[in-house]
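Okay everyone, thanks for coming.

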Amino acid sequence: MDLQPAEKSVASPRVASMDVVRGLVMVLMAIDHVRVYSGQPAGGPTAGIFFTRWITHFVAPAFVFFAGTAAFLHGAKLGDRNKLARFLASRGLWLVLLELTVLRFAWTFNFDYAHYSLAGVIWMLGWCMVLMAGIIYLPMAGIALLGVVTIVAHPVLYPAMGAINAPEGGVLHSVFQVLYLGDGFTIGTNGPPLMVLFVIVPWIGVMAAGYAFGPVMRWPAERRRTFCLRLGIGATVLFVGLRALDGFGDPRHWHDMVSKGWPAVLAFLNTSKYPASLLFLLMTLGPAIALLPLVEGGKGWLAGKLETFGRVPLFYYMLHIPLIHLAAVAVSLIRTGAVDPWLFANHPLMPGPAPAGYLWSLPLLYLVWAIVIVILYFPCRWYAALKARNKSTWLSYL
């Protein structure tokens with residue numbers, strides 16, 4: 001494999017398969033975000049609720065991995081690592097700002113910034129891009145090694161951070177929470193509490209691995225398809241083998257869950273996302289990578305729609321949260337004639353329990369999801385066309 005980064009601009013056609021897969025996971029992502037306002041729990045021992053959550057587990061790994069790949073491809077177009085580093089750092093900080101301001105309001109529809117801020121997936125993507133601005137100067141083999149080692153070995157951070165024993169409320173403990181431990185802390189002495197949902201590790205490893213995967217997407221089509229299929233299936237088989245042993249790669253032991261009444265299949269698939277375990281990432285990234293060659297060259301109606309979404313991932317994300325929230329408001333009006341105040345609570349992490357009688361059925365959840373996706377397609381198609389004909393640098397920030 002050629003692991004050397006491009007140092008000069010090389011014109012290459014856009015690989016549509018990556019956009020199709022990315023578009024698919026973005027469509028799936030909306031299921032979980034509709035679920036936030038439905039009152040349904042995030043998973044559970046019944047098949048319907050479990051798979052409503054489980055199918056969305058593919059989103060963050062594919063999103064982060066292909067963000068790394070897209071960074072490599074963008075760097076190849078720029079032909080200058082210094083320009084790429086500046087772009088990654090500035091866009092990363094821009095994402096962090098959007099998470100703490102616009103997206104925080106979109107999730108909550110309130111201005112209670114003094115008591116709740118969210119460090120979600122866009123926050124994590126932003127800081128990973130900032131870190132990648134420095135990582136891209138490593139040799140490509142070093143970037144690949146960094147990614148794989150981080151994904152595999154990150155659990156050693158728990159005892160390492162515990163041995164340091166940073167006092168709660170201190171700066172070092174806050175850094176640990178952002179990097180790996182998660183949970184909430186106060187920004188500054190009297191600042192707003194920040195709820196950390198997505199930590200930086202191991203996601204920085206996933207993005208680095210995606211960057212090292214970038215050269216593969218510039219190979220001849222047949223070689224690329226063969227490699228992706230073998231890598232994706234290999235990762236999936238490795239997940240099945242390690243999960244069957246139930247002793248390495250995930251803190252949730254499925255045999256323990258079975259002993260507590262979980263169906264064996266659901267327990268087997270119930271891996272840890274916060275922080276993302278090795279088995280969680282193998283379970284999700286393996287099929288996502290294997291799907292690339294299966295959709296390559298696809299020209300059908302569905303592939304075209306998914307490709308449109310995949311071309312404008314951040315634009316889609318910025319629209320879909322407030323649209324889903326507005327849809328939940330509309331559902332409340334239709335069902336009860338009023339807007340439930342719970343919809344203005346601090347979603348998605350601190351809304352409190354849903355009011356009695358509020359809970360949506362799963363069919364209603366999926367109906368709202370389908371309507372939202374249809375509505376989103378039209379602005380995304382417009383913006384994808386705008387980006388295709390207008391090469392302004394500013395458009396690359398959304």
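Axes here are lines fitted to C-alpha atoms, for helices over the stretch in contact, and angles run from 0 to 180 degrees between N-to-C directions. Helices (H or I, at least four residues) and strands (E, at least two) are DSSP runs, numbered from the N terminus.

Before I go on: this is a predicted model, where local features need pLDDT of at least 70, side-chain atom pairs count only at pLDDT 80 or more, and totals for chains, interfaces and linings use all residues. Residues are numbered from 1 along each chain as its sequence is written, and side-chain values use heavy atoms, with hydrogens and water left out.

Back to our pair. α1 and α3 cross in a left-handed way, meaning the near helix is turned anticlockwise from the far one by less than a right angle; clockwise would be right-handed. On the α1 side, the contact (heavy atoms within 4.5 Å) includes Met18, Arg22 and Met29, and on the α3 side it includes Phe63, Phe66 and Leu73.

Now, which way does α3 cross α9, left-handed or right-handed? That crossing is right-handed. The axes of α3 (residues 59–78) and α9 (residues 203–213) come within 6 Å and cross at roughly 45°. α3 and α9 are therefore oblique to each other; under 35 degrees would be roughly parallel, over 145 roughly antiparallel, 65 to 115 roughly perpendicular, and the rest is oblique. Among the residues touching are Ala60, Val64 and Phe72 of α3 with Trp203, Met207 and Phe213 of α9.

**Then the sheet**

Three strands make an open sheet, ordered β1-β3-β2, with mixed pairing. Strands pair if DSSP finds at least two bridges between them. At the edges are β1 (117–119) and β2 (183–186), each pairing on one side only. β2 and β3 (residues 193–196) run antiparallel over four bridges, and Phe185 has Leu194 in β3 as its bridge partner.

Helix α4 (residues 81–108) lies across β1 and β3, at about 110° to β1. Helix α8 (residues 171–181) packs on the sheet too, touching β2 and β3.

pLDDT is the predictor's confidence in each residue, from 0 to 100. The chain averages 93, and 96% of the residues score at least 70. Over residues 1–12, though, pLDDT is below 50. Where pLDDT is low, the predicted coordinates should not be read in detail.
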